[in-house]
Amino acid sequence: MAYEPTSTPDQPIIQFLDELREIRGASVMKVIASDADDPTYGSSARVVYSVLEEEKIFTVERHTGIILTAVAGLDRETQDRYELVVKATDMAGQLGGLSGSTTVTIVITDVNDNPPRFPQKMYQFTVSEGATVGTSVGRVIATDADMGENTDMAYLISDQEGGELFKVTTDMDTQEAVICIKKPLDFESKRSHNVVVEAVNKHVDPRFADLGSFRDQTIVRITVSDVDEPPVFLPADGARLEVPEDAALGALVGVVTARDPDVENAPVRFSIDRSTDQDSIFHIDQVSGAITLGKVLDRETAGWHNITVAAVEADNQAMVSHSAVSIRILDVNDNPPELAYPYEASICEDAKPGQLIHTISVVDRDEPQSGHHFHFNLVPDASSNRHFTLWDVKDNTAGIRTQRSGFNRNEQNVYFLSILVVDSGPPALSSTGTVTIHVCGCDADGAIQSCNATAYVMSAALSPGALIALLVCMLILIDGFASLAV
C-alpha cells in the first residue's frame with residue numbers, strides 16, 4: 001500500500017535570501033519530504049520534487065529537494081517576497097504516484113545596490129544678507145531605494161566657493177541635508193550663489209562597485225536678499241590717532257571714515273558720543289569725519305583719550321554705527337627735570353677731602369624716562385665754594401664730595417648746596433634744587449653723635465662800659481614787654 005509523502009517541517013517554511021544580481025542557479029534552501037512506505041519495496045518511497053508556482057523564478061532539483069534561483073538578478077526593490085509551492089511525488093514521479101506539497105516563503109533581504117539620487121537637479125532658496133551665521137537656508141533630500149542602514153547617507157558641499165560660505169549637515173531623523181550659513185553674506189558683493197551638494201552612501205558594498213558611483217549631486221541656488229545696513233567704519237576695529245601735546249587749538253588730530261554699504265550709498269554724518277568726551281576736548285566735522293582739537297592737551301595729565309564716534313545715515317537715523325577711536329598724546333619736552341627728593345646729608349667735623357657725602361638723582365615728567373640724559377652742575381654762586389664738589393656719574397646720577405677737611409659746626413653747622421639740573425631736550429630745560437648738608441659731631445669710629453650747633457661762648461674781655469650798655473638795653477626790652485602786657 002502506498003502512502004502520500006509529507007513535507008518537513010509541518011509548519012510553513014520561511015527563508016531569507018539576499019537580493020543578488022547577475023547570479024543564476026544559486027542555492028536557496030533544501031526541502032525534504034518523507035514517505036511512510038517501505039523504501040525497499042519498489043519505488044513506493046522514492047520521492048521527486050517539482051515547483052508548482054513561481055517556477056520561472058525558482059527551480060528545485062528533482063531528486064535532492066534543493067531550491068535554486070532560476071533567473072539572474074533578484075531585486076528586492078521589484079519584489080521582496082515569493083510564495084513558492086513545492087510538490088513532492090512518490091513512485092519516482094511515475095503515473096499513479098501519490099504527492100504532497102508545502103509552501104516556502106522566500107523573503108528577499110536588502111543589500112546596498114542602489115545609490116542615492118536627488119529628485120531634482122536644482123533647488124532654489126532665498127536668504128537675507130542680515131541672517132546670522134548658523135541660520136538654516138533650506139533643506140534638500142536624496143532618496144535611496146534600499147532600506148535600513150543601506151539608506152544612510154552623508155552630505156557634503158563639493159565646490160570651494162560654496163564650502164567657504166555655507167556648510168551642510170545631515171538630519172539623522174529625516175536624512176535631509178540642512179544647508180546653513182557659515183560666513184556672513186553680502187548682497188552688495190554677490191547676490192546669488194550656486195552650491196554643489198553631494199549625497200554619499202555611508203555603507204558601500206564592494207560587490208556592487210561595477211554599478212557605478214554611489215553618490216549623486218545637485219545644485220542649490222541661494223539668492224541673497226538686500227537689507228538696509230548701518231554705516232561701516234574703516235578700519236572695522238577702530239581708529240588709532242596721535243597728536244602732540246603742544247598742538248594748537250583747532251589742530252587736525254585725524255580723520256575717521258565710514259560708508260553706507262548698501263547700493264544706495266546714502267550720505268553719512270558723524271558725531272562724538274559726549275559721554276566719552278565730557279570735557280569736549282575734541283570736535284568732529286559731521287560731514288568729513290575730521291577730528292580737531294578743542295582744548296589744550298597735557299600728556300602728563302592724560303596720555304590717552306578714548307572716545308566713541310557715531311556714524312548715522314543722513315536719511316535714516318535708525319541706521320547708526322559706533323566705533324572706538326584711541327588718541328595717543330605725544331610728549332614734548334615741556335617739564336624741567338627736578339631733584340628726586342629734598343635731599344639732606346650729614347658729615348663729620350673731621351671729614352676728609354674727597355669723601356662721598358651723598359648720591360642724588362632726578363625725575364622728569366616727560367617721556368621717555370630711559371631716553372633722557374641729565375647734566376649736573378653747581379650753580380655759579382656755589383661753584384666757587386671751597387667746601388664741596390659735584391661729580392657727574394654719567395648715569396643720570398651725581399655724587400657730592402667734600403673738597404676740604406676740618407669742618408667746625410660752631411663756625412657753621414649747615415650748608416645749602418644749590419645744584420643746576422639740565423635735561424637733553426629739545427629744547428633743554430633746567431631747574432635748580434638745594435641739598436642741605438649738616439655738620440655733625442662724631443665719635444672716634446665716625447658715628448654721628450650730635451648735629452646741633454654749639455652756642456658761641458661770649459668773650460670775658462668786654463669793658464665795664466660795654467657791660468652797662470648791654471644791661472641798659474636788656475632793661476629797656478623788659479620794660480617794653482611789660483607795657484605791652486598792660
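**View 1. Cys 180 is a buried cysteine.** At 10% relative accessibility, Cys 180 falls in the buried class (buried is under 20% relative accessible area, exposed over 50%, partly exposed in between, with a 1.4 Å probe and protein chains only). This is a predicted model, so local features need pLDDT of at least 70 and side-chain atom pairs pLDDT 80 or more, while totals for chains, interfaces and linings use all residues. Residues are numbered from 1 along each chain as its sequence is written, and side-chain values use heavy atoms, with hydrogens and water left out.

**View 2. Cys 348 and Cys 442 form a disulfide**. Their sulfurs sit 2.0 Å apart (the cut-off for a disulfide is cysteine sulfur atoms within 2.5 Å). The link is left-handed, with -90° about the S-S bond. Cys 348 is in β27 and Cys 442 in β33, so the pair ties together parts 94 residues apart in sequence (strands are DSSP E runs of at least two residues, helices H or I runs of at least four, numbered from the N terminus). Cys 348 is buried at 12%; Cys 442, at 25%, is partly exposed.

**View 3. Cys 440 and Cys 451 form a disulfide**. Here the sulfurs are 1.8 Å apart, and 95° about the S-S bond makes the link right-handed. Cys 440, in β33, is tied to Cys 451 in the loop between β34 and α3. Cys 440 is buried at 0%, whereas Cys 451 is partly exposed at 26%.

**View 4. Four strands make an open, mixed sheet**. The order is β10-β16-β15-β12 (strands pair if DSSP finds at least two bridges between them). β10 and β12 are the edge strands. Five bridges join β12 to antiparallel β15, with Ile 157 partnered by Val 197.
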